[in-house]
Amino acid sequence: MADSVLFEFLHTEMVAELWDHDPDSDPTPGGQKPSLSVLEGMGFRVGQALGERLPQDALALREELDALKFLCKDLWVAVFQKQVDGLRTNHQGTYVLQDNSFPLLLPMASGLQYQEEAAKFLAFPCGLLRGSLHTLGFRSLVTASVAALPACKFQVMIQKP
Amino acid sequence: MSRPASRRPEYHKINKDLFVLTYGALVAQLCKDYEKDEDVNKYLDKMGYGIGTRLVEDFLARSCVRRCHSYSEIADIIAQVAFKMYLGITPTVTCNNSSRNEFSLILDKNPMAEFVEELPAGRSSLCYCNLLCGIIRGALEMVHLPADVTFLQDRLKGDSVTEIGITFLKKQDEKKYRQKK
């Protein structure tokens, strides 16, 4: 079944449509934010639901680092058919996930041409990560940055209770 | 972890669920943004149309369907090849009129509504899976087969089955019925 294709097409359409139709958007820089947070919020809901479908042994992970490693390998493979390429941490609650070839950015030209546009395609995955972490018992803040497509980084900051 | 992650069967299900869950989140968001069911339905159809115009390329690349000589063959291909490929189900096809340009796809099971038990309160006219109608319409239009596609029956609205009606709009000569290679 060509499931990942359906998701990718749907996601692309969502980015295009939700961006355009935001009724409160205004030309100031702050005006862009509402649509990003809508996409992120949707990703969060889906991430929470996916988190509940993860194998039971995943739900028993108590250590932050184990949970992040699990997301980098198992969640990423389940959702994007590949693992995250690198994980770094300062051992103080901040983690950086490096993906050198992020599937949702692959359809766009590589390099710097679509750097600004890329942010729209990373909002949903940020929410996905945040939602899955939430189900695993961790509250977090997730942001993403793009240096040169299709590589991107996700910054995860675990919030202490 | 000793077992390769990609081989675990749970991940196959997660991959399938990803689309269905994302779609559910999208519908929920649209219900927040639009008060009227008709507006949500229209929006879903429009998004589906956009997806369909691109999905058809993917479909043709994967399926290598041969030339079709009738609307009824096309309806069969949609049900038996496309639905099977993307949603894992095979709707039954029925022809609704003697001029053979109106068809129905009858779905016993609808994977897109797998996690939906009933429509939200106050949303009784919502066509939850209207994206599907848009997708079919967009895909057909890209192969020069304009059609009207709507839900005729919907399990979520209390009907016994979910039925999608396809009405092909232009009468074509026999030799013009073909799908692009």
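A salt bridge, as I use the term today, is a side-chain nitrogen of Lys or Arg within 4 Å of a carboxyl oxygen of Asp or Glu. By that criterion, three salt bridges are counted between chain A and chain B, and in one of them the side chains of R54(B) and E13(A) meet at 2.4 Å, N to O.

Before I go on, a word on conventions. This is a predicted model, in which local features need pLDDT of at least 70 and side-chain atom pairs count only at pLDDT 80 or more, while totals for chains, interfaces and linings use all residues. Residues are numbered from 1 along each chain as its sequence is written, chains are lettered from A and ligands numbered from 1 in the order in which they are written, and side-chain values use heavy atoms, with hydrogens and water left out.

Let me stay with the interface. Taking contact to mean heavy atoms within 4.5 Å, 33 residues of chain A touch 37 residues of chain B. The area buried between the two chains, that is, the accessible area (1.4 Å probe) lost on putting them together, summed over both, is about 3500 Å², and carbon and sulfur atoms give 71% of that. Of the area that chain A buries against chain B, L6(A), F9(A) and L10(A) supply 19%, more than any other three residues.

Now to the helices, which are DSSP runs (H or I, at least four residues) numbered from the N terminus. Their axes are lines fitted to C-alpha atoms over the stretch in contact, with angles from 0 to 180 degrees between N-to-C directions.

In chain B, which way does α2(B) lie relative to α3(B)? Helix α2 (residues 37-63) and helix α3 (residues 71-87) pack at about 95°, their axes 11 Å apart, and α2(B) is therefore roughly perpendicular to α3(B), a label for angles of 65 to 115 degrees, where under 35 is roughly parallel, over 145 roughly antiparallel, and the rest oblique. L55(B), D58(B), F59(B), R62(B) and S63(B) of α2(B) meet I77(B), V81(B), A82(B), M85(B) and Y86(B) of α3(B).

With helix α4 (residues 130-142) of chain B, α2(B) crosses at roughly 40°, the axes coming within 6 Å, and the two are therefore oblique to each other.

In chain A, finally, helix α4 (residues 64-80) and helix α5 (residues 115-135) cross at roughly 125°, with axes that come within 11 Å, which makes α4(A) oblique to α5(A). Their contact includes W76(A) and F80(A) from α4(A), and L128(A) and S132(A) from α5(A).
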